[in-house]
Amino acid sequence: LHLCLIKNMVSRIIEVRLSEHAGQIITALLTKVSVSGDPNSHNVAVEWMHIGEVEKTLRDMGLTQEGRDQTRERDKLRKVLEMLSSHKEGILRKRTVQATAQHSASSASTRASSRRKASAAAV
């Protein structure tokens, strides 16, 4: 019960201090916060969400309007998430996945070496 009340208060504070849209996004994000293990304990479990999961949760909760430009809505969502995670002590934290960056770098270098081989073969 306490966690539920705290989630509602946080959502309401964000809505009042920032915007209704930011409050809705926080509400969607807080769906991944739950009591871990023993209900009498004071421990909480938090799961990370990707931007696609946030969009899906907003849709499932009925907090999005149908017929809007998806690219524009995603940009609005991204801006709010950036704003909420911009400070070190902010309400949200970004998670950087290095495996993706390494994969992208290796993919880019593989493509570049393939082009070099192809141009060398053409000469």
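A pocket is an open set of points on a 1 Å grid over the protein atoms alone, with protein on both sides within 12 Å along at least five of seven lines. The structure discussed here is a predicted model.

Q: What is the volume of the second largest pocket, and which element gives the largest share of its lining?
A: The second largest pocket is lined by 16 residues, and His21, Leu63, Thr64, Gln65 and Glu73 lie nearest its centre. Helices H2, H3 and H4 are the elements that give two or more residues to this lining. The volume of the second largest pocket is about 370 Å³, and the largest share of its lining, 5 residues, comes from H4.

Q: How do the residues lining the second largest pocket divide by class?
A: Asp, Glu, Lys and Arg count as charged, whereas Gly is among those that count as polar. On that basis the lining of the second largest pocket divides into 3 nonpolar, 5 polar and 8 charged residues.

Q: Which element gives the most residues to the lining of the largest pocket?
A: The largest pocket has a volume of about 990 Å³, and of the 27 residues that line it, Leu29, Trp48, Met49, Leu92 and Arg93 are the closest to its centre. The elements that give two or more residues to this lining are H1, H2, H3 and H4. By class, the lining has 16 nonpolar, 3 polar and 8 charged residues. The element that gives the most, with 4 residues, is H1.

Q: Why can the buried residues of H4 be said to line one face of the helix, and which are they?
A: Helix H4 covers residues 70–84 and reaches 21 Å from its first C-alpha to its last, close to the 21 Å expected at 1.5 Å a residue. Seen down the axis of H4, the buried residues fall within an arc of 100°, so they line one face of the helix. Thr71, Arg72 and Lys79, on the other side of H4, are exposed. The buried residues are Leu77, Val80, Leu81 and Leu84.

Q: Which helices are included in what covers the buried residues of H4?
A: The buried residues in question include Leu77 and Leu81. What covers the buried residues of H4 includes helices H1 (2–17), H2 (20–29) and H3 (51–60).

Q: How many residues of H2 are buried?
A: The buried residues of H2 are Ala22, Gly23, Gln24, Ile25, Ile26, Ala28 and Leu29, and they pack against H1, strand E1 (33–35), H3 and H4. H2 is thus a mostly covered helix, and of its 10 residues the number buried is 7.

Q: Is glutamate 55 buried or exposed?
A: Glutamate 55 lies in helix H3 and, not counting residues up to four places away in sequence, touches Arg74 and Leu77. Its relative accessible area is 16%, and the limit for a buried residue is under 20%, so glutamate 55 is buried.

Conventions: Residues are numbered from 1 along each chain as its sequence is written. This is a predicted model: local features need pLDDT of at least 70, side-chain atom pairs count only at pLDDT 80 or more; totals for chains, interfaces and linings use all residues. Side-chain values use heavy atoms; hydrogens and water are left out. The expected span of a helix is 1.5 Å times one less than its number of residues. Buried means under 20% relative accessible area, exposed over 50%, partly exposed in between (1.4 Å probe, protein chains only). The arc is that of the directions from the helix axis to the C-beta atoms. Contact means heavy atoms within 4.5 Å. On a 1 Å grid over the protein atoms alone, a cavity is a set of points where a 1.4 Å probe fits but cannot get out, and a pocket is an open set with protein on both sides within 12 Å along at least five of seven lines; lining residues have an atom within 4 Å of a point. Grid points are joined across faces, edges and corners, and a volume is the space filled by probe spheres set on the points.
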